[in-house]
Amino acid sequence: MKDFYFLPSHEWYNKKEATVGISDYAQKELGDIVFVELPEVGDKVEKGKPFANVESVKAVSEIFSPVNGEVVEINEEILDNPALINDDAFAMWMIKVADVSGEEGLLNSDEYENTIK
Amino acid sequence: MKLTPFFEKMAANGAKMVEFTGYFLPIQFESSGIIAEHKAVREKAGLFDVSHMGELMLTGKDAFATIQSLVTNDITSMKDGQARYTLLPNEKGGIVDDILIYRFNEQKYMLVVNAANCAKDDQWISSRLLGDTVFENISERTAQLAIQGRAAEDIIKEFITVYNVPEKNYTFKVSVLFGEEIILSRTGYTGEDGFELYCSDKIAEQVFDLVVEKGNKHGMLLCGLGARDTLRMEASMPLYGHEMTDETLATELGLDFFIKLNKDFVGKQALLDKAPLCKRIGVRLVDRGIAREKALVFDSEDKEIGCVTSGTHSPTLGYPIAMLRVDRDFDGKEVYIDVRGKKLKAEVVPMPFYKKNY
C-alpha cells in the first residue's frame, strides 16, 4: 500500500500508476455498486472537487479527486461491470491522470487507516 | 428513537442500522448486502423486521360502518379471515395513507398502516368513529415479521399446523405460539408469495429464533429495508411518501380497482368533482444511469411532464427502472429524465416490472 495516498473522504491516488479510485472501506459503506459515471479523457480534475458519481443500490455518491490533473484514461471495465469495485476496490482504478499536482497533504495508508478505525 | 422487539437479534446478526420513521431498522446485513438479500427473496426466502408498521384495532357494533365511511374500497363483501388493500383518503381526495384491513369478524377489524403515518392515521380515524366503535392503537406492543419468497410456505409449515396456514393470498389465520395469539396472513410487499406474522412483543425473540432456525434450512436470508424497497419497486407497489402523499389524488395512481364509487366515503365527492391531472407510469432506462426520486421528466419535445417518484437498479432484471408521476395526457413511448444535468432516455414499460411465475 506504499504507493497509495488518500483523501479523508476515502478516495485514493496511486502515485506509481497515477490512478485514482475509492477505498475498500468506501465500497463497503456504499454497498452494491450498480453504476459508475466517469469523466471523459481530456477532462481536468481538481483536488477536492467531484469528478465521478457512484451509484449503489441505495444512493448516489460523489467521488472527489485526490489530486489536480488531466484524465488520460478511464477504466472501461468498471463501466460495464461496476460490481468489480466491490470485489477489489484497490485494484479497480477509475481514472488515470497526467500533469499531476497537489499530492501534498494527502494521507499515507497508515494515516488513512487510523481515520477509519 | 424507538427499538423494535427484534433489534438485538438483528444487530447480533450483523445488521447495518438506519433511522427510519423513528425506529432503528436494518438497511442491509454485513454478510450479504442488498442485492444478495433481494435475490434470496426472489429465489428462496427472506425475513424482514417490519415491526415499525402500525396496527389499529376497531371493534364494536359500528366498527364496520366506521371503516366503510373512511376508505375507498368496499368492505361489504369481506369475509372473516380476509385482508383487503385500500386507500384512506382525505376530504380533498388526497391520501392520508394506504392500508390493509383485516376482518376477524363483523365487529372486529385490524388496520395495518404505514409507520410514518401511524400517528396521523390514529388521529384521523379516532376522531371519526361512528356510534359504538372502540378504537385502540396496539402498534407499540405488536411485533411483525415478513417471511417472503417461494420457500416461505415450507418454512411456515415447519412450525404452524397446515390448518392454521392461510391458503389464499390476502387471507389470514389466528393461532397460538408460545402461549400467545399470533396472526399469520398471506400478504407481503415484495411481489412474491409470502407471509406476515403479527405477535406480541413478549414472544417476539422466541418467534424470531424459531423462524430463523426453520428458515436456514430453506436458504432464507435476513433482509433489510434496502431490499424491501428494491423488491417493492420491481413489483411496482406504491410507497407512501413517494408515489402518494396527502396532495396526490387517489385517482392518479392507477389504483382505481381499490376505489369503489358506488358507496360513500370521506373524500368521495372531491374524487367525483376533480379530474385527475397526473398518472403513474413505469419506465426502463435505456441510457446508462439511475433515475432517483424527484428527477424531472421530459417528453421527446423537451416539455416537462413530471418527475420520478421512485427509481433504482433492478437486481432481478439487471437494468434501471423507475416509477414516474406524469401529466395525465402523456401517451408517448419514451421520456427523458434529467439526472444531474444529463437527459437520460427511458422507455415506457408496463407495470409490474417483475411478476412471479409460479
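**The core and what surrounds it**

Tutor: The largest nonpolar core has 125 residues, and those that touch the most other members are Leu111(B), Leu145(B), Ile147(B), Leu197(B), Ala291(B), Leu324(B) and Ile337(B). A nonpolar core here is a set of buried Ala, Val, Leu, Ile, Met, Phe, Trp, Tyr and Cys residues joined through C-beta atoms within 7 Å. A residue is buried if 20 or more other C-beta atoms lie within 10 Å of its own, exposed if 12 or fewer, and partly exposed in between, with C-beta atoms placed from the backbone.

Student: Where does this core lie relative to the domains of chain B?

Tutor: Domain 1 (55–136) and domain 2 (277–349) of chain B both give residues to this core, so it lies between them. The domain bounds come from an automatic or database domain assignment. The centres of the two domains, taken over C-alpha atoms, are 34 Å apart.

Student: Is this an experimental model or a predicted one, and how is it labelled?

Tutor: This is a predicted model: local features need pLDDT of at least 70, side-chain atom pairs count only at pLDDT 80 or more, and totals for chains, interfaces and linings use all residues. Residues are numbered from 1 along each chain as its sequence is written, while chains are lettered from A and ligands numbered from 1 in the order in which they are written.

Student: Which other strand does strand 5 pair with?

Tutor: Strand 9 (residues 134–137) of chain B, antiparallel, over four bridges. There, Thr59(B) has Val134(B) as its bridge partner.

Student: New topic. Why is helix 2 of chain B called largely enclosed?

Tutor: Seven of its 10 residues are buried, so helix 2 of chain B is largely enclosed by the rest of the structure. Among them are Ile34(B), Glu37(B) and Arg42(B). The buried residues pack against strands 3, 4, 10 and 14 and helix 7 of chain B.

Student: How many residues does each chain give to the contact between A and B?

Tutor: Chain B gives 13 and chain A gives 10. On the side of chain B, helix 2, helix 7 and strand 17 each give two or more residues.

Student: What about chain A, what is it built from?

Tutor: Chain A has four helices and 10 strands. Its radius of gyration, taken over C-alpha atoms, is 13 Å, close to the 13 Å that the globule rule gives for 117 residues, so chain A is as compact as a globular protein of that length. The globule rule is 2.2 Å times the number of residues to the power 0.38. Buried residues make up 40% of chain A.

Student: And chain B?

Tutor: Chain B has eight helices and 20 strands. Buried residues make up 46% of its 358 residues.

Notes. Pairing = 2+ DSSP bridges. Contact = placed C-beta atoms within 7 Å.
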